[in-house]
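This report describes selected local features of one protein model.

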Amino acid sequence: MEKRDACRSAAWEVNNILEGRNVYLLEDFCSVVGNDVKSLHSIISPPVAKIRNIGIMAHIDAGKTTTTERFLYYSGYTRALGDVDDGDTVTDFMAQERERGITIQSAAVTFDWKGYRVNLIDTPGHVDFTLEVERCLRVLDGAVAVFDASAGVEAQTLTVWKQADKHKIPRICFLNKMDKTGASFNYAIESIREKLKAKPLILQLPIGEARTFKGVVDVINKEKLLWNSNSDDGKDFERKPLLETSDPELLKETIEARNILIEQAAVPVLCGSALKNKGVQPLLDAVTMYLPSPEEREHGFLQWYKGDLCALAFKVLHDKQRGPLVFLRIYSGTLTPQLAIHNINRNCTERMSRLLLPFADQHVEIPSLTAGNIALTVGLKQTATGDTIVSSKSSALAAARRAGRGDKKHGKNSEAESLLLAGVEVPEPVFFCTIEPPSVAKQPDLDHALERLQREDPSLKVRLDPDSGQTVLCGMGELHIEIIHDRIKREYGLETYLGPLQVAYRETILNSVRATDTLDRTLGDKRHFVRAEMEARPGEAPPGMAVIEYADCVSEDLVQASREAIENAVHSACLQGPLLGSPVQDVAIMLHSLMVHPGTSTTMVNACVSRCVQKALKKADKQVLEPLMSLEVTVTGDYLSLVLADLAQRRGNIQEIQTRQDNKVVIGFVPLAEIMGYSTVLRTLTSGSATFALEFSTYQAMSPQDQSTLLNQRSGLAQVL
Ligand SMILES: Nc1nc2c(ncn2[C@@H]2O[C@H](COP(=O)(O)OP(=O)(O)OP(=O)(O)O)[C@@H](O)[C@H]2O)c(=O)[nH]1
C-alpha cells in the first residue's frame, strides 16, 4: 500500500510539469485499460522472471501489424480490433501522428498477458537497415517469426533469421494466414526445414486450411481449440479433448506429431489467422511459456557492473513537443526520473527528466524501472542510438577495472572503447551522394535535420566535401539514402536535391616510399621555415587515419610542441588519397626529420607535413579498394542461365548454386559498383519472378585492369566536366 501511494504521488508530481499529449498517469491509465485493471505494482515493476522482451520478424505483408494489433486487443490494451485495410490500427494511428508532425513512432510497445509483461520491440526487415536490426536484436530476449502460410519462408525473413542465429535469439514460428487461399501448413513447415535449416517443433496442427480453417489442435494437450464463429472478435473459444470416438484420424495424427515433438530440440511452430482472430491467444501463451525471461539470457558484461546501472540506447526519436525520446533496455540497476546518467560513448553526463512506459499507443509516466525492462526516457539530449548508459563515470571505470581492461596503457579513445559494453559495431557506409537544400538560406535547417537524423541512425554519416563545399550523405544502400531524403521532406519540411549515388572507394599503398618537403615563406616581417622528411609504408590503420611514428633522431621537444599539427596534417592527407580522393587506409607514416625555424606558426608545420605525406602517397604504388557485396538470387530454373550470364558481366564471383524446392539459389559476391539498380535489371530479366538479397561483405583490391578502367572513366569525366 505504501508503495502504491508513493507511486501515485510521484506520478502526480510529474504531472505538474507534464503537458505532453498521450501521456497518462498510472491511475488514469488503469481506468483506460478498463475492466481488467492491472495492479499498480505489476505495471511499475514486474518480477524479472515475468518479463518477455520480444520482437516480431516477418517478410513484408506476412501479418506483423495485424498480429500485433490482436496482441494488444486480447491483452486488454485496445478496445477495438484495428484493421490494416481500414487504416485504424495503432500503427496507422502513429503514422498519421507523424504526418501531422508529432513524431511518436513506436520502437516498442508494452502490454501484460496473464501476469507476464511483454515488451514488443519493432524490428525493421530491410537489409539497408542491418545495423538497426542488429541493434534491435541485441535488446531482444526472444522473437516471433510470422510467416504467410501460403508463401512459407520469404527473402526478408531469411535475412533476419540469419541475424537472429548470430545473436542466438530463441524463436517461435507463427504460420499466419491459415485462412488464405493457397495456405498450406505442410508447405510452410517444409520451407522452414529447407530454407531456414531449422527443425520445426509442431505444437499445433490446423483444423482445416484456407476457407475451411476453423481452429487448431494443441498437440501437447491433445485438445482442439475452436473459435466461436458467432463471436466477432474471437475472444471466446472452447477447449475440447480429442476423443477416439469423435476424431479418430485427428487423434492419431496428433499422437504422431506429439511423439516427434518430444524427441527433438527445435523451433516451436504454431499456426492461426490473425485477421480472422484465430490462434493469437495460444501464440501469446507460447511467448510466455517458451521464450526466455531476461534473466535466462546470458550477458557476460553484467558481472562487471555488480548491480549498478547499465543500459543500451537502442532507438532515439524526436518528438516536437518533448524533444528527443530515448528507448533504453536496462540490463542492470534501476532508472528513475530526474536521474543523472553517464554516457560512455560520448563521455558526458546528462539528466533524464521523465521515465515512460510505451503501453500500446499511450505513454505512461512511471516512477522507476528495473533491470530487464524497456524504458522510454525524456530529457536525454546528447544520447544517440547505440550508446551505453551507466550511472556515473566512476561506475564505468570500476566496471572497466573488473573487466580487466581499464589498467592498460591506453590512449583516451581505447579506454572509452573498452567500456562500450553493449554497443553494436557501426559499419562504414558504402554509398554516398551530395545533398543540397532548396536555397542557401535553408542550409542551417538542413544541417539541423541531418544532425538529428544522425543521432537516430548512426549508420548515416554526413560530411562536407572540402573541394565543392557540398554536404555529402553516406549510407548503407540506395533505400537507406532514399528514406533519409524522404524523412527530411516529411519531418522537417525541406525539399532537398540529391546528387547521383556514388560508390565509396578506398585507397591504399603497396610499398614504402620517402618524400621531403620544404616550406619557406615570409609573412609580414616574419619568416616561417619548415622542412620535413617522411616515409609512407603499408601498415594496419582504419580509413582516413594512419599509424604515426617518429624516428629517434627527431627532437622530442619539437614533437611535443607540434604533435597536434603533425597528426592533424597526416590524417587530413589520408582523407583524400591521390587516385580518387577517397580515404586512404592501412598506411603507416614515419617522420624521419623535422626542421622548424623559431617563430614558425603551427599552421605552417601542418601545411608542410600534409604536403609531404601527399607527395609520399603519390610516389607509392597505389591500389584502389572497392566495396564487395554478398548476393543471393532466388530464381526459377528457366531463368538461371540468364541471371548467371548477367552476373558474369558484372564481375560477379559465383560461389554456389543451391536447389530449394522448385527454385535455384545463386550465392556469390559482386562489386557494389556493378550492382546499383539491380532490382530493376533482375525484374526485367526474369519477368519479375526472381528475388535477391544484397549485403555488404568487405573491401577488396581491384584488379589492375578494372582499376585502370575506373581511373580512365574518372579522368574522362573530369575532362568532360
Ligand atoms: N487472409 C489473411 N490476411 C491477413 C492475415 N493477417 C494479415 N492479413 C492481411 O495481410 C495484409 C498485410 O498485413 P499486415 O498486418 O499489414 O502485415 P505486415 O507484416 O505488418 O506488413 P508490412 O507492415 O507491410 O510489413 C493486410 O491486407 C492484412 O489484412 C491473415 O491471418 N489472413
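## Ligand shell and local backbone features

In this predicted model, the shell around the ligand consists, by class, of six nonpolar, five polar and seven charged residues. Of the 18 residues around the ligand, those that come nearest are Gly63, Lys64, Thr65, Thr66 and Leu275. Helix α4 (residues 64-74) supplies the largest share of this shell, namely three residues.

An open sheet is built from four strands in the order β8-β9-β10-β11, and the pairing is antiparallel. Because β8 (204-207) and β11 (237-241) stand at the edges with a single partner strand each, one side of each has no neighbour in the sheet. From one strand to the next, the twist averages 25 degrees. Within this sheet, strand β9 (residues 215-218) and strand β10 (residues 223-227) run antiparallel and are joined by four bridges. Val217 has Lys224 in β10 as its bridge partner.

Most residues other than glycine have a negative phi. Two exceptions are listed below.

| Residue | Phi | Location |
|---|---|---|
| Lys197 | positive, about 55 degrees | loop between α8 (185-195) and β7 (200-202) |

Ala210 is partly exposed, because 16 other C-beta atoms lie within 10 Å.

Definitions and conventions: Residues numbered from 1 in each chain as written. Predicted model: local features only at pLDDT ≥ 70, side-chain atom pairs only at ≥ 80, totals over all residues. Near = placed C-beta within 6 Å. Helix = DSSP H or I, 4+ residues; strand = E, 2+ residues; numbered from the N terminus. Nonpolar A, V, L, I, M, F, W, Y, C, P; charged D, E, K, R; others polar. Pairing = 2+ DSSP bridges. Axes fitted to C-alpha atoms, helices over the stretch in contact; angles between N-to-C directions. Buried ≥ 20, exposed ≤ 12 C-beta atoms within 10 Å, placed from the backbone.
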